Amino acid sequence: MATYGRVLVLAWADILAVYAMWLLMAYLTDVWRLEIAHASTIVAILWGLFALFPLFQAFLVDSLTGTYGMLFISTASFSAGLGLLTMSTPPVLAQHTGSCSEYKPECIGQPQKALLYTAVPLIAFGLAGNLTCCSTFIAERANTTGQTNVTWKNCVWFVYGDLPRLIVTLVAVLGLPYVNPWSLRFGIPAICTLVATLLFFSTLCSYKNNSKANGSPLTILFRVFVAAFSKLFYRIPTDPKDLFEIQNPQRYSVPHTMSLRCLDKAAIVTPTNTLEEQEKNKWRFCRVTEVEETKKVVRMVPLWTTFILCGVVKAVGYTYFIEQLNHMNPKVGRLKVPLVVIIWLYEQAKLKFAELSSVVFITCLGLKKPAAPTFGIAASMMLAILCCITAAKVESRRLGVVQMHGLVDKHDERLPMTMFWLLPQFLLLGAFEGVFNSSAGFFFVDLSSVQRFLSLSPGSIERFVDQSQVSMQRYLGFFLSGVWGVGILGSILSVYVVGKISEKGGKMNWFQHDLNQSRLDKYYYTLAWLMAVNLVVFIVVAVFYRYKESKLKDEELGDVGFDNVNVTRTLTLNCCCWNYEYNY
C-alpha cells in the first residue's frame, strides 16, 4: 500500500502541473513578448510531443524498461522539466546571469531561452509517461500481490480518486491562478512534483519487479516488413495453407486474408533451409498471424490520415483560445474568475461527452452495428466544424470591440468583453474531443478477436489473454494519440502556410505580433471549411474501410455473431484518454 500511496501523490502533482502548463501561451506572450505565431509554435511542440511520446514509451515498456522503469524515468524527466521551466522565469537567475529580475522581455537572455527549450521536451516526456504508466503500474501491483478482484476501472479510480482529485483540482483551479509571480506559478507545481518524485524514488530499494519485458508488438511490424523485403523476388503461393503458421488451437492466431498479399512473402517457407533453421531467424521468417496483425495496421493508415486535421483543430485550444482568454474581462461583477475555470469546464465537457457516447454505443447501438462508431467520428468532426465557426464569430465580435475602444495598439489592456463569450467554443472543443476519443476507440475494436475470446472455454481464457498481449490491438490507442500529436505539430505548418497565402497580393498577414492586430477569425473559418472537406474524405475512406473489413471478416468468421455465444465475459476497452468496462 505504501507504493500505491506514492503513485497517488504523483497523480495529484500531475494535476497541478497540467493546469499550470495550460497557461504557457499566456506566459510567453505576456512576459517574453513573443509573436503569437512564435509562442503557439512552442506550445504546440509541448502538447504535440505529449501526444506522440506514449507510443514510443509503450514500446520501451514492453521491450526494455517495464512499467516501473518507465515511471521512474518519466517522473525524473517531469520533475527536471518543471524545474528548468521555473528557472527560465526572469527573477530566478537574475543575480547569476546579471540580467534584470522584472517580468519584461529585456530580462530574458540566452540562459533563460536555453532552459525553456530544454524544459519543453522533458515536460512532455514526463507528463506522457506518468499519465500512461500510473494506472498500468497499479494494475500490475494488484496482480502480483494477489488482488485479482481489482479491475482496470477500480485501479483508475484508486489513482484518480474522486475526493483527492477534487481537492487538488480546486487548488489548481481556484488557488494557483491567484499566485501572480510566474516563478511561483510554475514553482509550486515544480516543488510538489519534486516531492512526489522523491517519495516515489524511495520505493526503489523495496520494490520487487516481477514483471519482465517480453517484447513489443511494434517489433512485429518491423520484422514483417524486413522479412517481406528480404523475399522480394519469391513467388507468393496461391494456396495460403503453404504459408507458415503454428497450428495450435490454444495459441492466439489470426486467419489469413487476401489483402496486401505482398506482405505474405514474410511467411513464405523457402526450400533452401529446413523449417527449424528458418524459425530461428525471426527477422526473415514470420507467422501468418504476425503478417495479418501488420496488415491490420497498414489498412488503418488511410483512416488515420483523416484524423490529422482533428489534431490541428485541437491545437487552437492550447494556443489561440488561451491567448483570447488572457485578454478578455475575467470579472463577474466584482468577482475575478480565474482563467482556468474555463479550462476546467472544457475538461468536464470532454469527459462527460466521452462517457455519454460510450453508453450510447453499448446500450443503444451495440457493438453488433459496426457503422455506429463511424457516425460517432463523423459527429465529432461536425462538432469541430461548429467549434471553429463559433470561435470565428466570437473573434469577429472581439475585434469589433477592439476597434470600437481604440485598443488595436494597446496589447496589454483587457477588453471590456467578458471571457465567458469564449465558453461555447471551449465546450464544443471538449465535446468534439470526447466524442472522437470514444468513437475512435470503438471503431478500431477487433470484433473477430472478441468473438474468439467469447467462444473459448473457461480453461483457455487465461492462455488466450496472455498470448493476445502480443496483438497490435492494445496499441491502437497509442497510434491514435500519435496521430493527434502529428496534427498538433502540423498546426505549426498550417499557421505558416495560411499566413503566407494570406499576405499574397500585398495584403496583411493574418498572424501579426499580437492578438488585436491579427485576424484569427479568418483562420478559424479556414479550419472550418478544411474540416468540412476532411469530413467528406473521412466518410468515403471509412465506408471503403468498413466494406473491405466486412469482406475480410466474412472470410474469417462466416456468419458467427455475438448472439450465438452463450458465455458471459467482461471486456474492457481502453483508448488513450478513456476506458469503459461492460459485460456480455
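**Helix packing, bends and burial**

Modeller: In this predicted model, the axes of helix α9 (residues 217-230) and helix α11 (residues 288-305) come within 9 Å and cross at roughly 100°. Angles of 65 to 115 degrees count as roughly perpendicular, and α9 and α11 are therefore roughly perpendicular to each other. On the α9 side the contact is made by Ile 220, Leu 221, Arg 223, Val 224 and Phe 225. On the α11 side it is made by Glu 290, Val 291, Thr 294, Val 297 and Val 298. The residues of this contact between α9 and α11 divide into 7 nonpolar, 1 polar and 2 charged. An α-helix has 3.6 residues a turn, so residues three or four places apart point the same way.

The setting for this pair is a chain with 20 helices and 6 strands. Of its 584 residues, 54% count as buried. Among contacts between residues at least 6 apart in sequence, 82% join residues at least 24 apart.

With 52 residues, a straight helix would reach 76 Å at 1.5 Å a residue, but the end C-alpha atoms of α3 are only 23 Å apart. A kink of about 110° in α3 is centred on Thr 65.

Ser 40 lies in α3 and has 6% relative accessibility, so Ser 40 counts as buried. Leaving aside neighbours within four places in sequence, Ser 40 is in contact with Met 25, Thr 319 and Tyr 320. Ser 40 and Val 316 are 276 residues apart in sequence, yet 8.5 Å apart in space, C-alpha to C-alpha.

Val 316 belongs to the buried residues of α12. Helix α12 (residues 308-318) is mostly covered, with 10 of its 11 residues buried. These are Leu 309, Cys 310, Gly 311, Val 312, Val 313, Lys 314, Ala 315, Val 316, Gly 317 and Tyr 318. A charged residue, Lys 314, is thus listed among the buried residues of α12.

The other serine, Ser 77, is also found in α3. At 10% relative accessibility, Ser 77 counts as buried, because the cut-off for buried is under 20%. Beyond residues up to four places away in sequence, Ser 77 touches Leu 122, Phe 125 and Gly 126.

Phe 125 gives the view from the partner helix. The place of Phe 125 is in helix α5 (residues 110-144), and at 15% relative accessibility Phe 125 counts as buried. Not counting residues up to four places away in sequence, Phe 125 touches Phe 53, Phe 56, Gln 57, Met 70, Ile 73, Ser 74 and Ser 77. The C-alpha atoms of Phe 125 and Phe 50 are separated by 6.3 Å, although the two residues are 75 apart along the chain. The kink in α3 is centred on Thr 65, and the residues touched by Phe 125 include Phe 53, Phe 56 and Gln 57 as well as Met 70, Ile 73, Ser 74 and Ser 77.

Even so, α19 bends by about 30° at Gly 490. Gly 441 is placed in helix α16 (residues 423-443), and Gly 441 counts as buried at 14% relative accessibility.

Two loop residues complete the account. Most residues other than glycine have a negative phi. Arg 33 has a positive phi of about 60° although it is not a glycine. Arg 33 is found in the loop between α2 (24-30) and α3, and is partly exposed, with a relative accessible area of 31%. Leu 260 also has a positive phi, near 50°, in a residue other than glycine. Leu 260 sits in the loop between α9 and α10 (275-280), and at 31% relative accessibility Leu 260 counts as partly exposed.

Notes
Residues numbered from 1 in each chain as written. Predicted model: local features only at pLDDT ≥ 70, side-chain atom pairs only at ≥ 80, totals over all residues. Heavy atoms only, no water. Axes fitted to C-alpha atoms, helices over the stretch in contact; angles between N-to-C directions. Helix = DSSP H or I, 4+ residues; strand = E, 2+ residues; numbered from the N terminus. Parallel < 35°, antiparallel > 145°, perpendicular 65-115°, else oblique. Contact = heavy atoms within 4.5 Å. Bend = angle between axes of the 7 residues up to and from the residue. Expected span 1.5 Å × (residues − 1). Buried < 20%, exposed > 50% of the residue type's maximum accessible area, 1.4 Å probe, protein only.
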